[in-house]
Amino acid sequence: MPGSKKKISAKTGLPPGTLIHIGEKHAERAKVTLCEYDESHFNDTEIHTLEGLMPPPARKTVTWIHIDGLQDVHLLEQMGIVFGIHPLILEDILNTDQRPKLEDHGDYLYIVLKRFHMDQDSRIVPEQVSIVLGPNYLISLQEKEGKLLEPVRERLRNDRGRLRKGGADYLAHALLDGIVDGYFSILDHFGEEIETLEEALMGRPSPETLRAIEIFKRELVLLRKAVWPLREVVGNLSRSDSPLIRESSILYFRDISDHTVQVIDTIETYRDTLSGMLDIYLSSMSNRMNEVMKVLTVIATIFMPLSFLAGVYGMNFKHMPELEWPWGYFALWGVMMVIAFVMLIFFRRKKWL
């Protein structure tokens with residue numbers, strides 16, 4: 001279960017490069033998986049430390065290290081020593097409030113982005129994923145253990161497609177593609193829920209309908225904040241002149257860029273739809289309030305002359321001729337009923353009722 005979340009203010013006053021985990025603590029220890037593969041073989045094993053790991057230049061195969069959990073600061077320090085990663089990059093990895101971005105450090109590329117999954121209440125939950133891409137290695141890190149990378153690992157294990165034939169850059173493409181495809185799943189869920197809200201809105205909307213609209217608007221804002229910067233990240237990868245990105249992989253990164261644009265267009269469409277639904281809800285509630293006020297106004301208008309007559313004949317003057325009439329009481333009732341009936345007919349002809 002998640003533990004307490006450290007805030008970014010915990011780093012106040014500390015020098016740059018100080019390694020402090022900023023975010024939820026999802027497990028007691030990090031899980032590290034080491035994959036080594038080429039066209040002829042694939043090896044997948046779980047390791048507990050990076051000490052003694054052979055540096056990437058000494059390896060002929062593609063090395064993929066995946067770390068689930070960011071709370072082990074010592075493990076990231078080992079990673080920085082073995083792979084020569086700058087302390088500022090390690091600091092960014094530990095800060096889970098990062099904006100999606102791409103940094104080129106010559107010997108390696110650092111990519112950070114957000115993935116989303118649905119919780120039990122059908123709310124989207126963000127999770128930061130960091131990728132360090134080197135000449136023949138890739139390091140991926142996420143906040144907690146999940147099934148995000150299992151399809152990629154299964155493709156490597158079964159030697160499906162060109163993943164085993166590609167290098168570390170194509171592996172980075174596969175990971176990015178899986179995360180972007182996850183956005184489509186989230187948007188499909190949003191589309192179904194928005195259709196349900198539209199049906200409720202056309203019927204008799206309730207405060208729960210307004211609450212649902214506001215929730216979806218907030219979640220779309222969260223998704224938009226993650227996807228807009230990602231478009232720039234993937235666009236830079238598709239135009240990169242870094243030797244770490246081969247020419248044969250550029251086309252695949254362009255495909256991800258196209259998918260990212262589709263996601264952004266869908267998000268904007270849903271935001272406009274929800275804004276329109278909010279306007280419809282407010283107009284509907286205003287119309288209902290107007291109907292109520294119209295009914296109350298009609299009732300008050302009918303009772304105004306009746307209250308006047310009742311007030312006149314409720315005065316305690318001694319000399320009032322009508323008080324001595326044998327049928328005065330019934331005559332007054334008759335007059336009041338006629339007035340009320342005539343006013344109802346008048347309102348009906350004016351289509352106020």
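Met289, Val292, Met293, Val295, Leu296, Ile299 and Phe303 make a nonpolar surface patch of about 660 Å². Patch residues have over 30% relative accessible area and no salt bridge, and nonpolar side chains (Val, Leu, Ile, Met, Phe, Trp, Tyr) are joined within 5 Å. A salt bridge is a side-chain nitrogen of Lys or Arg within 4 Å of a carboxyl oxygen of Asp or Glu. Areas come from the Shrake-Rupley method with a 1.4 Å probe, and for residues only the protein chains shown count as cover.

This is a predicted model: local features need pLDDT of at least 70, side-chain atom pairs count only at pLDDT 80 or more, and totals for chains, interfaces and linings use all residues. Residues are numbered from 1 along each chain as its sequence is written, and side-chain values use heavy atoms, leaving out hydrogens and water.

Ser257 is buried (under 20% relative accessible area), at 15%. Leaving aside residues up to four places away in sequence, Ser257 touches Val234 and Gly235; contact means heavy atoms within 4.5 Å.

A nonpolar core is a set of buried Ala, Val, Leu, Ile, Met, Phe, Trp, Tyr and Cys residues joined through side-chain atoms within 4.5 Å.

| Core | Size | Residues included |
|---|---|---|
| Largest | 58 residues | Trp64, Phe190, Leu223 (most contacts inside it) |
| Second, separate | 26 residues | Ala30, Ile65, Val82, Ile85 |

Methods. Patches are made of residues with over 30% relative accessible area and no salt bridge: like charges are joined within 9 Å, nonpolar side chains (Val, Leu, Ile, Met, Phe, Trp, Tyr) within 5 Å. Buried means under 20% relative accessible area, exposed over 50%, partly exposed in between (1.4 Å probe, protein chains only).
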